[in-house]
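Let's take a friendly walk through the charged side chains of this protein. Have the sequence and the model open, and follow the pairs as they come up.

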Amino acid sequence: MIYFVATPIGNLKDITLRALETLKEADVIFCEDTRHTLKLLNAYEIKKPLKSCHKFNERSAAEQIVMLSREGKNVCIVSDAGMPVVSDPGREVTRILREENEPYTVLPGANAFLCALVLSALPSDRFTFLGFLPEKAKERERLLAEYRTRPETLAFHCAPQDVDGYIAAMYKAFGERRAAAVREITKIHEETVPFLLSEGLSGEKRGEYVLIVEGAAETENPRCELSPREHVAALMETGLDKKDALKAAAKERGVSKSELYKETLDL
């Protein structure tokens with residue numbers, strides 16, 4: 001059987017009894033970084049063969065996982081911290097397992113962005129997790145533009161060196177919003193700092209961050225008062241191509257893309 005196992009995001013005690021039992025019964029463990037996973041296993045006196053499964057070898061790792069499972073082996077897949085697949089290697093593995101009709105299951109556990117959402121005290125009834133933003137400025141602008149008028153709270157993963165750039169890009173795309181920067185979750189120096197996008201985040205940036213940003217207010221969607229053609233054109237002016245602008249406008253207006261397409265043939 002194949003198990004995707006959530007591991008601690010900081011405090012090594014944040015692992016379930018079921019996860020420990022499964023890791024102890026595994027024939028092999030595929031992990032993002034063998035050195036990192038070894039620290040967890042050593043803490044619980046677990047000795048198992050470790051194999052790498054990261055973004056550069058995920059396809060070949062998936063082929064090994066399928067082969068081992070069909071031999072009757074118990075295979076565990078873990079990331080360095082939290083839930084595999086979520087912003088970490090594993091998505092390609094799940095895709096191949098589904099294509100091969102190979103069964104697998106998941107063991108729940110720690111998750112950074114859900115913890116950060118609670119710590120932020122921002123609305124949590126509806127939210128969207130967007131992970132890391134694209135590295136290229138144009139792609140980053142395009143993605144943020146798609147979510148400018150969305151009402152739900154937004155969650156982002158962010159490396160310390162990118163915090164200021166992320167916040168600047170968000171302020172440019174969203175305007176003024178409440179936000180919270182959460183870092184070192186479950187660790188000794190856990191910190192949650194509320195701030196406004198216009199203010200940015202002061203001080204030295206250390207540790208991995210989760211940035212939580214409030215959604216758009218209902219009054220922040222004046223484009224819905226425009227004609228369909230004007231609405232799509234306004235979105236294209238933010239940097240979206242026509243296809244993405246049609247998709248975003250359809251979401252904002254609550255209609256299908258086909259309804260808007262015929263109104264925008266000349267764009």
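A residue is called buried when its relative accessible area is under 20%, exposed when over 50%, and partly exposed in between. Keep in mind that you are looking at a predicted model.

Why look for charged pairs at all? Side chains of opposite charge can pair when their charged atoms come close. In this structure there are twelve salt bridges.

Start with Glu-100 and Arg-70, whose side chains form a salt bridge with an N to O distance of 3.3 Å. Arg-70 belongs to helix α3 (residues 58-70), while Glu-100 sits in the loop between α4 (91-99) and β5 (104-107), so this pair ties together parts that are 30 residues apart in sequence.

Next, find Arg-183, which makes a salt bridge with Glu-191 at 2.8 Å, N to O. Is Arg-183 buried or exposed? Its relative accessibility is 16%, and because the limit for buried is under 20%, Arg-183 counts as buried.

Now turn to Arg-206 and Glu-204. Their closest N and O atoms are 3.3 Å apart, and the two form a salt bridge. Here both residues, Arg-206 and Glu-204, are exposed.

Finally, some charged residues join up beyond simple pairs. Which residues are linked in a network of salt bridges? The members are Arg-59, Glu-92, Arg-95 and Glu-99.

How values were computed
Residues are numbered from 1 along each chain as its sequence is written. This is a predicted model: local features need pLDDT of at least 70, side-chain atom pairs count only at pLDDT 80 or more; totals for chains, interfaces and linings use all residues. Side-chain values use heavy atoms; hydrogens and water are left out. A salt bridge is a side-chain nitrogen of Lys or Arg within 4 Å of a carboxyl oxygen of Asp or Glu. Helices (H or I, at least four residues) and strands (E, at least two) are DSSP runs, numbered from the N terminus. Buried means under 20% relative accessible area, exposed over 50%, partly exposed in between (1.4 Å probe, protein chains only).
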